[in-house]
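My notes follow as numbered points, and I hope they are handy while you look through the model.

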Amino acid sequence: MLIRSPSDIPSSEITPESVYLKRRQFMQGLGAGAAVLGLGLPAAGFAASDDLRKALDFSPAIQAADNPFYTDEKAASFSDASSYNNFYEFGTDKTDPARYAHALTVDPWSVEVEGHVAKPGKYPLEDIMKLMTLEERIYRLRCVEAWSMVIPWVGFSLADFIKMFEPTFDAKYVEFTTLRRPREMKGQRSAFSTIDWPYTEGLRMDEAMNPLAFMSVGMYGKTLPNQNGAPIRLVVPWKYGFKSIKSIVKMRFTSVKPKTSWQGIAPREYGFYANVNPEVSHPRWSQAYERRLPSSLLRPNRIKTEMFNGYGEQVAGLYKGMNLRRFY
């Protein structure tokens, strides 16, 4: 996902991950070691000594072929998932979140709920955690940039969370807002950023109430690392990754469709729905295939992208009769 306008960027500059990684690995030197080259991921990883996450008490994912909350596809390692991602609040390089997110304070934390609900208010995360039952879900994550990972998340159903606030009949959409704290979030201080902070995203209510929609407070059995959206984030596995907003501080229930951050920046490239769709290309690249991480130059892991990221059985009905080329 790139910030500059299409006219600023030739298609040749949309760097395939393999090329990007080759460049970074070369720059970081051969001393990074064969293990890093084998992963095809940046050497700037998340050292075990940096892991301050807390273990969570949760129900493991049920390993069954017909369980939509589980996949037996190979999961990315924690090191990979926590060292290569987008979180522009900390910078635009894939390694910036892991490098700079340690400055973020995530305790205490609260989520403000407003709009068309019977129970608006500011809810401390510690109180939310007492009311929710944690479970593990192993989901595919497909980035709009055509790379993907499998990640074991820990959290709770978004639908159960929403029911706590008793939305009214007028609640047709829910808007999510990320924390805005420039003194701790380096990317929000950047003079070159084109994002109008804070970052916002949105879902239709029926999307938000779908059983797949998930609020994550952890991954790989422990609390979320800051660079992955601590302490609470959204996970919507049938949509491109930028819909899964991180470090959420507000949920607003509205009767009109909210305008999301990426719609404001590049509406021709990033629509409100952002469903994974191999038949609708991004204006500057195809979405037919993806690079499943880990991937390397010598062993590229290129696979076909599935409609709705393989979750069509669970979500296709939400969009029945819609023109998905128009409503991308």
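1. Let me begin with the loop that carries K246, which sits between strand 9 and strand 10 (248-254); helices (H or I, at least four residues) and strands (E, at least two) are DSSP runs numbered from the N terminus. K246 has a relative accessible area of 14% and is therefore buried, where buried means under 20% relative accessible area, exposed over 50%, and partly exposed in between (1.4 Å probe, protein chains only). Beyond residues up to four places away in sequence, K246 touches N85, N86, F87, T178, N228, G229, I232 and R233; contact here means heavy atoms within 4.5 Å.

2. A word on the ground rules. This is a predicted model, in which local features need pLDDT of at least 70 and side-chain atom pairs count only at pLDDT 80 or more, while totals for chains, interfaces and linings use all residues. Residues are numbered from 1 along each chain as its sequence is written, and side-chain values use heavy atoms, with hydrogens and water left out.

3. Now the partner across from K246. N228 lies in the loop between strand 8 (222-223) and strand 9 (233-235), and N228 is buried because its relative accessible area is 3%. Setting aside neighbours within four places in sequence, N228 is in contact with A81, S82, N85, M219, R233 and K246.

4. The UniProt annotation "binding site", from an unreviewed entry, covers N85, Y88, E89, C143, T178, N228, R233, S244, I245 and K246. From this set, N85, Y88, E89, C143, T178, N228, R233, S244, I245 and K246 belong to the lining of the largest cavity. Please keep in mind that UniProt positions are given in the numbering used here, feature names are shortened, and annotations may be inferred rather than shown by experiment. A cavity is a set of points, on a 1 Å grid over the protein atoms alone, where a 1.4 Å probe fits but cannot get out, and lining residues have an atom within 4 Å of a point.

5. What is the strand order of the open sheet with 5 strands? The order is 2-1-10-5-6, with mixed pairing; two strands pair if DSSP finds at least two bridges between them. Strand 2 (121-124) and strand 6 (200-204) are the edge strands, each pairing on one side only. On average, neighbouring strands of this sheet are turned by 20° against each other, direction ignored, with axes being lines fitted to C-alpha atoms and angles running from 0 to 180 degrees between N-to-C directions. Strand 1 (residues 110-115) pairs with strand 2 in the antiparallel sense over 4 bridges, and S110 stands opposite P124 in strand 2.

6. With a relative accessible area of 9%, T177 is buried. Leaving out neighbours within four places in sequence, the contacts of T177 are P198, Y199, T200, I245, S247, I248, V249 and K250.

7. Strand 4 runs antiparallel to strand 3 (residues 135-142), joined by 8 bridges, and R140 has V150 in strand 4 as its bridge partner. The two form a hairpin with 4 residues between them, and A146 in the turn has a positive phi of about 75°. Strand 4 also pairs in the parallel sense with strand 11 (residues 289-292) over 2 bridges, where S148 is partnered by R292. A further 5 bridges join strand 4 to strand 7 (residues 214-219), running antiparallel, and F156 stands opposite M215 in strand 7.

8. Two more residues are worth a visit. D51, in the loop between helix 2 (34-39) and helix 3 (78-83), counts as partly exposed because its relative accessibility is 21%. The C-alpha atoms of D51 and P225 are separated by 7.9 Å, although the two are 174 residues apart along the chain. Q263 is in helix 8 (residues 261-265) and, at 19% relative accessibility, counts as buried. Not counting residues up to four places away in sequence, Q263 touches P258, Y270, G271 and F272.

9. Finally, the overall picture. The protein has 9 helices and 12 strands, and 53% of its 328 residues count as buried. Among contacts between residues at least 6 apart in sequence, 72% join residues at least 24 apart.

Technical notes. 1 Å grid on protein atoms, 1.4 Å probe; cavity = no way out; pocket = protein on both sides within 12 Å on 5 of 7 lines; lining within 4 Å.
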